[in-house]
Amino acid sequence: MSEITYKVPTMAEMAASNETPEVLFWVGCAGSFDDRYKKVTVAFVKILNSAGVKFAVLGTEESCTGDPARRAGNEFTFQMLAMSNIQVLDMYGVKKIVTACPHCFNTLKNEYPELGGNYQVLHHSEYLQQLIDAGRVRLEGGEVFKGKKITFHDSCYLGRANDVYEAPRHVLEALDADLVEMKRSRTKGLCCGAGGGQMFKEPEPGKKDINVERIEEAIGTGADTIAVACPFCMVMMTDGVKNKEKEQSVKVYDLAELVAQAKGL
Amino acid sequence: MAIIQQILFLVALGVVAWLAFRRVSFIRNTIMLGKDDDRKDQPGRRFGIMMRVAFGQKKMFDRPLIGFLHFAVYAGFILINIEILEIVLDGILGTHRIFASPLGSFYSFLIGFFEFLAFGVLIACVIFLIRRSVWKVERLQPSRHREMNGWPELDGKLILVFEIVLMVAILTMNAADSALQDLGSAHYPKTGDFLISQWIKPIFSGMPESTLIIIERFAWWFHILGIFVFAIYLTYSKHLHIALAFPNTYFARLEPKGEMKNMPEITNEVKIMLGLESQAGDSVVPERFGAKDVTDLTWKNLMDAYSCTECGRCTAACPANITGKKLSPRKIMMDTRDRLEDVGRIMQANKGQFVPDNKSLIGDYILEEEILACTTCNACVQECPVLINPLDIILQLRRHKVMDESQAPGSWNMMFQNLDTNQAPWKFSPGDRFNWVEGLENKSANS
């Protein structure tokens, strides 16, 4: 395989050389700091490079979109973060954003406009589907996933919140894998348990953890790979697999990682 | 005799109209206690949603068999109202089956059709009662869902019994009527046998005319008075959904489900803090952030509460509830309605003025533990057949707890602090945000 030199230009560098990217890759806090999700960020950047997409990131100029604060009821912190992000995005004249986090996606897409930030925002599942459809990412001839059973866990902020159900499934179908659905999927998809600020606190008393309830359903499909499209779902599903002591037989991957694997990146 | 019946009927009709007017005014006034929320945009789209979801019951068909049975009751209810019109006219004018002679043979067909619907309602209600009491559908059981204890459980069963009794009355009335026709009794014009009640008629064979008249009159009065009582009853019951489903779906949110409503009063503050706007003299500081009581919610949240028929589809889909947490979206709606009715009663007792009773929606009705368990996954919003949004209420209550009372779980306060100082929910330095790039092998220092 020919050596690819991966580039990750920042908006500041682009601006300095008077260039405009096709799209801004919004990395998000999990994609920047969480060890597991950093691998997803890297996988997605490799795909963008190999597809020849002219993209940029904000680097250290990016801040949390404010989603966890807003869902937890702290509107002040949300709006402070949102306003300063909008200032940065508008300073660079950003028009189009892609992000691997459904929470960032929802906030940037639906909640920034009312605060004055108007961008075309895509989730990476939608963007990957576009790249595949346009022939910029080619997956044919790959044997990596042939005969493998993959189940897709819908993220609430992608699915019910924004009605994106098919894009991630199209990406998985392009892998030539055997896609199996859980009983609760699409509009009926069961939450992983992390949204609405739950990621940042212990669950309230109950008889079971939500991610365990969900992982039992996922494992029940007989899939050896659980595909996710959200950093929080990634944490919850990975913990669920550990809880069931299935780390050897069941793997949790993000869509971008699966595409990168199929392409040998 | 006829004139006495007419007078009694007019009195009953007047009493029912007065009670219904008073109750509907009460409901309307309490809904109007809610805050403004403009839901008048895009009337065409809204009308389409109402036609599909309320009129066409689209979401009920998620479960096809139950959807079909529910549709049978609904269609029966709407169409049998045409017969009620005849009964009311007969009652006022002292006539009997006033539509029979102008409609001719079509009349028999029409009554037959209504009987078919009535039979459908009867069967569906019996099945629903069995589902509640024998099969014990989980989402309807008080043993599993504490909000169903007492009145809500009884209410659910009473409505079904009411409907079954009313349908039996209408069929008995028609059978007795038909038997009287066969005897050639005066005042009972020939219409021919009716589709369903002809099977009940043999019970009445051989009875003298006078007994049959008593049975027919009793069934007639029992049926129409039953309808009157039921009409008032439903305004106090979860059954109010049959009316409110229509406005409630019309005024439903059109934005993507993931979008939370902005708080413009905070936007001004933030703009001033960031130096984007100078201190404006006319900025109004709200009396309260978020919602503590029902009067802090919007009128649509309150209409949602009255529209809830406690079917529990929301709760059955709620990940928190499924895993044994205290949160139940249905309880959020029921508590909101209970609180609103309490507030309304206090106002009624005090000449329209609310006298504080040291209670509030959050704390006395809904517990903090409940709203903290929500993952904002929108499953409850997705499930509701009449487009109620429990999540919107939960989030407004959270805003109050966190911003007004500064009561957030310790780990959330940590998260807020990290966001304020590091612009990330975890304790990482903002300067390290781009370090992930080191994970890229073969990375060239850019350009």
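A crossing is called left-handed if the near helix is turned anticlockwise from the far one by less than a right angle, and right-handed if clockwise. By this criterion, α5(A) passes α9(B) in a right-handed crossing. Helices (H or I, at least four residues) and strands (E, at least two) are DSSP runs, numbered from the N terminus. The model is predicted: local features need pLDDT of at least 70, side-chain atom pairs count only at pLDDT 80 or more, and totals for chains, interfaces and linings use all residues. Residues are numbered from 1 along each chain as its sequence is written, and chains are lettered from A and ligands numbered from 1 in the order in which they are written.

Chain A holds 11 helices and 8 strands. Its radius of gyration (over C-alpha atoms) is 18 Å, close to the 18 Å from the globule rule (2.2 Å times the number of residues to the power 0.38) for 265 residues, so chain A is as compact as a globular protein of that length. Along the principal axes, the C-alpha atoms of chain A fill a box of roughly 50 × 50 × 30 Å.

Between the chains, 66 residues of chain A are in contact (C-beta atoms, placed from the backbone, within 7 Å) with 59 residues of chain B. On the chain A side, the elements giving two or more residues are α2 (28-33), α3 (35-50), α4 (67-71), α5 (75-91), α6 (102-111) and α9 (210-220). The largest share, 8 residues, comes from α5(A). By class, this side of chain A has 25 nonpolar, 22 polar and 19 charged residues. Here Ala, Val, Leu, Ile, Met, Phe, Trp, Tyr, Cys and Pro count as nonpolar, Asp, Glu, Lys and Arg as charged, and the others, Gly among them, as polar.

The axes of α5(A) and α9(B) (residues 264-273) come within 9 Å and cross at roughly 55°. Axes are lines fitted to C-alpha atoms, for helices over the stretch in contact, and angles run from 0 to 180 degrees between N-to-C directions. The two helices are therefore oblique to each other. Angles under 35 degrees count as roughly parallel, over 145 as roughly antiparallel, 65 to 115 as roughly perpendicular and the rest as oblique. E75(A), F76(A), Q79(A), M80(A) and M83(A) of α5(A) meet I266(B), T267(B) and V270(B) of α9(B). This contact has 5 nonpolar, 2 polar and 1 charged residues.

Chain B is divided into domain 1 (2-31 + 63-250) and domain 2 (290-428), with bounds from an automatic or database domain assignment. Their C-alpha centres lie 37 Å apart. In total, 20 residues of domain 1 of chain B are in contact with 22 residues of domain 2 of chain B. On the domain 1 side, α1 (2-31), α6 (151-182) and α8 of chain B each supply at least two residues. α8(B) gives the most, with 6 residues.

The axes of α8(B) and α10(B) (residues 299-307) come within 9 Å and cross at roughly 150°. They are therefore roughly antiparallel to each other. The crossing of α8(B) and α10(B) is left-handed. H241(B), L244(B), A245(B), P247(B) and N248(B) of α8(B) meet M303(B), D304(B), Y306(B) and S307(B) of α10(B).

α8(B) (residues 241-250) also meets α2(B) (residues 43-55), their axes coming within 8 Å and crossing at roughly 140°. That angle makes α2(B) oblique to α8(B).

Key
Two residues are in contact if their C-beta atoms, placed from the backbone, lie within 7 Å.
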